[in-house]
Amino acid sequence: MNSLVTATIIFGCSFGAGVVGMILHVKLPDHHLDADSKDVVKLVMGLIATMAALVLSLLIASGNSTYQAQENEVQSLSANIIMLDRLLSFYGPEAKEPRDLLRKGVGDVHDRIWPPDGAMGANLDPRATQGASNAFVASLQRLSPKADSQTNLKSQAMQIGQALGQTRLLMFEQSSSSISWPFLTVLVFWICMLFLGFGLFARFNATVTVALLVGAVSVAGAIFCFWS
């Protein structure tokens, strides 16, 4: 389920809860909406709002940590690729084949992380470029050093190539844990209860409806931005 669908569901649940609250305002007997009842409901709503704020802060912190980790890994990936290409250039013309394969593989990975059309999300699954990775490693292994310097360069290139593979796997594993579904489910439930309380003490009119609509859009937009 993508972020747009999730945000749409959250908007519908929040706004729907507010409408249900306004319907209950009309249906409930007057003694359910007296001053004492309002005070208790407002206290509960305040408690829920506080807990929702805490959960939202945890979600934001989790999303920020994941983003920072991914950013650091992309920077590490880029630095290692540049270093690997430089080592192969120092190796000599014999390393032309692995350098060409490296450039082609980098282009494929770039297009999967940042799709040219921008219509799809990043695809970090390393299995999608497994063939290109295997071809590059095989080409690197076929190099036959003729001097100690070339032997050292080949060894360093193999180590960096292994580090690149580990970074790709780490990015893929972290991409699947960018959101905590239990936290999000609880947060959406609490938000719906808040909107239910908002509508419970309001008469059905255009002003209240627009206010609830704006609030639901704001909540859904915040979740969409967080997940995106």
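Read along the sequence, the protein follows the pattern α-α-α-α-α-α-α, with 7 helices and 0 strands (DSSP runs numbered from the N terminus, H or I of at least four residues for helices and E of at least two for strands). The model is predicted: local features need pLDDT of at least 70 and side-chain atom pairs count only at pLDDT 80 or more, while totals for chains, interfaces and linings use all residues. Residues are numbered from 1 along each chain as its sequence is written, and side-chain values use heavy atoms, with hydrogens and water left out.

**Overall features**
- Of the 228 residues of the protein, 30% count as buried (under 20% relative accessible area, with exposed meaning over 50% and partly exposed in between, for a 1.4 Å probe and protein chains only).
- Among contacts (heavy atoms within 4.5 Å) between residues at least 6 apart in sequence, 82% join residues at least 24 apart.

- Helix α1 covers residues 3-27; its 25 residues reach 36 Å from the first C-alpha to the last, close to the 36 Å expected at 1.5 Å a residue (the expected span is 1.5 Å times one less than the number of residues).
- The buried residues of α1 include Ser 3, Thr 6, Ala 7, Ile 10, Ser 14 and Ala 17, and also Gly 18, Gly 21, Met 22 and His 25.
- Helix α2, residues 35-91, has 57 residues and reaches 83 Å between its first and last C-alpha, close to the expected 84 Å.
- Gly 92 follows α2 and has a positive phi, near 125°.

**Packing of α1 with α6**
- The axes of α1 and helix α6 (residues 181-200) come within 6 Å and cross at roughly 30° (axes are lines fitted to C-alpha atoms, for helices over the stretch in contact, and angles run from 0 to 180 degrees between N-to-C directions).
- That angle makes α1 roughly parallel to α6 (angles under 35 degrees count as roughly parallel, over 145 as roughly antiparallel, 65 to 115 as roughly perpendicular and the rest as oblique).
- The crossing of α1 and α6 is right-handed (the near helix is turned clockwise from the far one by less than a right angle; anticlockwise is left-handed).
- Among the residues making this contact are Ile 10, Cys 13, Ala 17 and Leu 24 of α1 and Trp 181, Leu 184, Ile 191 and Phe 195 of α6.
- By class, the contact of α1 with α6 has 14 nonpolar, 6 polar and no charged residues (Ala, Val, Leu, Ile, Met, Phe, Trp, Tyr, Cys and Pro count as nonpolar, Asp, Glu, Lys and Arg as charged, and the others, Gly among them, as polar).

**Packing of α3 with α4**
- Helix α3 (residues 96-113) and helix α4 (residues 130-141) have axes that come within 9 Å and cross at roughly 165°.
- The two helices, α3 and α4, are therefore roughly antiparallel, and their crossing is left-handed.
- Glu 97, Pro 98, Leu 101 and Leu 102 of α3 meet Ala 135, Phe 136, Ser 139 and Leu 140 of α4 in this contact.
- The residues of the contact of α3 with α4 divide into 6 nonpolar, 1 polar and 1 charged.

**Individual residues**
- Leu 33 is placed in the loop between α1 and α2 and counts as buried at 13% relative accessibility.
- Not counting residues up to four places away in sequence, Leu 33 touches His 25, Leu 28, Lys 38, Leu 200 and Phe 201.
- The C-alpha atoms of Leu 33 and Leu 200 are separated by 8.6 Å, although the two residues are 167 residues apart along the chain.
- Val 217 lies in helix α7 (residues 206-227) and is partly exposed, with a relative accessible area of 46%.
- Val 217 and Ser 14 are 8.8 Å apart from C-alpha to C-alpha and 203 residues apart in sequence.
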